[in-house]
Structure formats: C-alpha cells, structure tokens
Amino acid sequence: MNRLKVGIVGATGYGGVELIRLLSNHPHFHIYSVYSSSQQHVQMVDVYPHLANVPYTLEQIDPVKMAKDVDLVFTATPSGISSKLVPQLINEGLKVIDLSGDFRLKSEELYEKWYKKPPAPNQYTKQSVYGLTEWFGEEIHSSSFIANPGCYPTATLLGLAPIVKKKLIKEDSIIIDAKSGLSGAGRSLSNVSHYAEINENMKIYKVNQHQHIPEIEQVLHRWNEQIKPITFSTHLVPMTRGIMTTIYVTLKESIGIESLYKLYEESYLDAPFVRVRKQGTFPSTKEVSGSNYCDIGLTIDERTNRMTIVSVIDNLVKGAAGQAIQNANLMMGFEQQTGLHVLPVYP
Ligand SMILES: NC(=O)C1=CN([C@@H]2O[C@H](COP(=O)(O)OP(=O)(O)OC[C@H]3O[C@@H](n4cnc5c(N)ncnc54)[C@H](OP(=O)(O)O)[C@@H]3O)[C@@H](O)[C@H]2O)C=CC1
Ligand SMILES: CC(=O)N[C@@H](CCC(=O)OP(=O)(O)O)C(=O)O
C-alpha cells in the first residue's frame with residue numbers, strides 16, 4: 001500500500017516535533033514536507049540536533065504547492081495563525097488536522113472573549129469536527145477537517161464523560177484542579193517559563209480566565225444541557241511533560257464505588273488509549289509520559305458524597321500530536337492505534 005503523504009506546519013515547535021517523532025513510526029503516513037514561516041531551506045537537524053538522522057528540510061508555507069505535494073496537513077500553529085491559514089488549505093482541497101484552539105469553539109463571541117483575537121471565518125468553524133477521539137469517532141471518520149482538542153480539555157473531558165452523560169452529578173458541582181508541565185506553553189520563552197522562575201516553584205495562572213473553560217463547557221453541554229458553569233484552575237509545575245486534572249463533583253444520589261468503576265470500565269471498553277486504573281489506585285503523570293494513554297483513577301468520599309476523579313495525559317501526545325494522529329487514522333479509515341503503539345517512558 002502506498003503511504004499517504006503528510007505535511008506539518010509549525011514543525012519547529014513542540015507540537016510539530018512531537019508529530020515528527022510519532023509519525024516516524026507510522027506504517028501508512030509518510031512525512032513528505034515540513035513547513036516553517038520563519039526558517040526556509042534549513043534542515044530539521046539544525047533546529048533540533050536530536051533529529052540527526054531525519055532528512056527533512058523546512059519549506060515555505062505555500063497552500064497551492066502544498067496541495068500538489070501532500071494529502072493531509074497537520075497545523076501545529078499558534079491560535080490566531082491557524083484561523084487564517086487553515087481556510088486557505090481547505091480551499092485547496094487538503095485534509096486538515098489543526099492543533100490550535102481556533103476552530104474548537106462554535107461561538108464567535110466566545111472565541112473573541114476568551115482568546116482575545118478575531119475569530120476564524122464561521123463557515124470553516126462550522127465544518128470542523130471536535131477531535132476528542134473516544135467520544136466523537138463517527139463524526140471524525142466522516143470528516144476532512146478536525147479541530148484537535150486542547151490538552152487540559154482532553155484530560156478533563158475523558159475523566160468526566162461517563163458520569164456527565166449518565167446525569168449522575170449535581171450540575172453545578174464541577175471543580176477541576178489542573179496542573180501542567182512547561183512544554184504545554186510551547187517552545188518560545190517567557191518570564192513564566194524561565195528556569196529560575198519555575199524551578200522548585202509552582203504557579204497558578206489565568207485564574208478563571210483560561211481559554212479552555214468554554215471548550216470544556218461546550219462539550220459538557222453536548223452531553224447534558226443542564227450542566228452549569230465550571231470552576232477550572234490551571235497550575236504550572238516544574239516538569240517538562242504531563243497534565244494531571246483532579247476533578248471534584250457531587251453525586252446526586254449515593255452510588256457504590258463498584259457501580260462507578262463498572263460504568264467507567266464499560267464506557268472505555270473500546271477505547272484502547274483510556275486505562276481505568278484498578279480500584280484504590282491513582283495514576284501519576286510519569287506513568288503516561290511519551291504515550292497516547294489517558295489514565296483515570298476514581299474514588300468517592302462517603303462523608304460528602306463527592307467523587308474525586310484523577311485523569312493524567314502527556315500534553316504533547318494525547319493532549320496534542322498523539323490524538324491528532326489518532327484522529328487522522330480514523331479520518332483515513334485506519335485503526336485508531338496505528339503508529340501509536342508506544343509504552344510510556346519510565347522512569
Ligand atoms: N504544547 C502543547 O502541549 C499543546 C499545544 N497545543 C496547541 O498547538 C499549537 C502548537 O503549539 P506548540 O507546538 O506548543 O507551540 P510552539 O510555540 O512550540 O510552536 C508553534 C510553531 O508555530 C509556528 N508559527 C509561529 N508563527 C507562525 C506563523 N505566522 N505562520 C505559521 N507558523 C507559525 C512556529 O514555527 P515557525 O517559526 O517555524 O513557523 C512555531 O515553532 C498551538 O496552537 C498550541 O496552543 C495544543 C495542545 C497541547
Ligand atoms: C502550560 C501552558 O501554558 N499551557 C497552555 C496550553 C495552551 C494551549 O494548548 O492552547 P490552546 O489549546 O488554546 O491552543 C495554556 O495554559 O495556555
């Protein structure tokens with residue numbers, strides 16, 4: 001079988017370089033071109049010395065030429081850039097998986113409010129399918145344009161889906177306490193990601209203003225219209241990769257822990273990348289690092305009737321490049337695991 005030719009825009013960033021790592025093992029996708037807005041005719045090895053044996057040279061972003069060269073493009077570009085670039089790629093007939101937040105929110109007002117940027121043209125946002133693979137697989141399969149989910153929403157929504165869909169929780173009770181490693185902020189340096197600022201430190205940021213709040217609420221409403229606004233806090237922790245979301249919800253009625261485990265296990269029976277942990281155990285970020293897994297642990301506090309759900313992912317894999325490839329697999333009719341059979345890197 002001829003391999004499908006794919007292109008990567010933003011290959012010099014963390015999402016892009018993770019796409020290169022994972023696609024290098026893919027039996028059906030072949031990285032044909034990598035593109036950059038700032039560096040052309042530069043070899044990838046000169047940007048990333050760890051890619052010493054990778055032959056790619058950065059090319060100019062030219063939608064017309066791209067459409068002649070490749071079948072599918074991953075855009076690992078910042079929000080505000082994808083909104084302008086992706087429509088050009090779609091107009092050229094390319095299939096697109098966009099890793100940014102530009103096409104995830106269906107409401108232009110919400111995008112402007114939370115991203116503080118002009119929204120993408122509505123006709124393209126309407127076409128996009130939200131790529132939370134485990135729950136929207138059928139739509140993804142019949143789509144040619146995916147808005148790949150944010151990293152925090154991926155961990156949060158996979159943790160909440162079974163109980164929200166079954167309407168088991170009080171609708172105004174969702175609190176999400178989330179932590180991320182530094183690579184979640186991308187490759188460009190800021191004061192926040194300065195070693196001296198983050199080493200042996202922990203910081204809360206974007207308090208009640210995080211752009212992933214409306215993304216999470218949009219999906220929760222698809223599952224249960226009665227869900228009320230969530231409380232969602234994000235923290236930077238001194239590690240390179242990983243996201244942990246600790247989610248608190250109040251149950252409407254008391255439910256045995258055995259029944260909850262049964263619900264989660266049944267919900268993810270056909271989801272090879274979601275691992276519901278054994279009762280009484282909780283996942284840590286290192287236990288999924290470098291892999292496409294989302295690991296979930298659960299418990300109920302019988303004194304308060306509150307449930308605690310812990311969901312961990314690698315932000316660059318299941319939170320970005322891995323899920324993007326999982327979606328590309330479904331879109332092209334391959335098994336979702338194709339090319340993603342990697343165990344976590346431990347320790
Ligand atoms: N890091 C993460 O964990 C996650 C990131 N995302 C999203 O994925 C996208 C990429 O993130 P990430 O890789 O971390 O970011 P980085 O900052 O590491 O890389 C982004 C890349 O975008 C390219 N770029 C910048 N400006 C332009 C432009 N005007 N036109 C075309 N390309 C441009 C740059 O490459 P060049 O200069 O070579 O063009 C840059 O290397 C973002 O939208 C991010 O929000 C989503 C989930 C998780
Ligand atoms: C650690 C860190 O800074 N993480 C980033 C994740 C950004 C991201 O992925 O943005 P979009 O999903 O909106 O594209 C943040 O919290 O803003």
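Mentor: The discussion below takes the terms in turn.
This is a predicted model, in which local features need pLDDT of at least 70 and side-chain atom pairs count only at pLDDT 80 or more, while totals for chains, interfaces and linings use all residues. Residues are numbered from 1 along each chain as its sequence is written, and chains are lettered from A and ligands numbered from 1 in the order in which they are written.

Trainee: Why does the radius of gyration of the protein chain agree with that of a compact globule?

Mentor: The radius is taken over C-alpha atoms, and the globule rule is 2.2 Å times the number of residues to the power 0.38. For 347 residues the rule gives a value near 20 Å, and the protein chain has 20 Å, so the two agree.

Trainee: What share of the protein chain is called buried?

Mentor: A residue is buried if 20 or more other C-beta atoms, placed from the backbone, lie within 10 Å of its own. Of the 347 residues, 45% are buried.

Trainee: Which residues are closest to ligand 1, and how many surround it?

Mentor: The criterion is a C-beta atom, placed from the backbone, within 6 Å of the ligand. It is 31 residues that surround ligand 1, with Gly13, Gly15, Ser36, Ser100 and Gly186 the closest.

Trainee: Which helix gives the most to that shell?

Mentor: Helices are DSSP runs (H or I, at least four residues), numbered from the N terminus. Helix 1 gives the most, with 3 residues; helix 1 (14–23) and helix 12 (317–331) each supply at least two.

Notes. A residue is buried if 20 or more other C-beta atoms lie within 10 Å of its own, exposed if 12 or fewer, and partly exposed in between; C-beta atoms are placed from the backbone.
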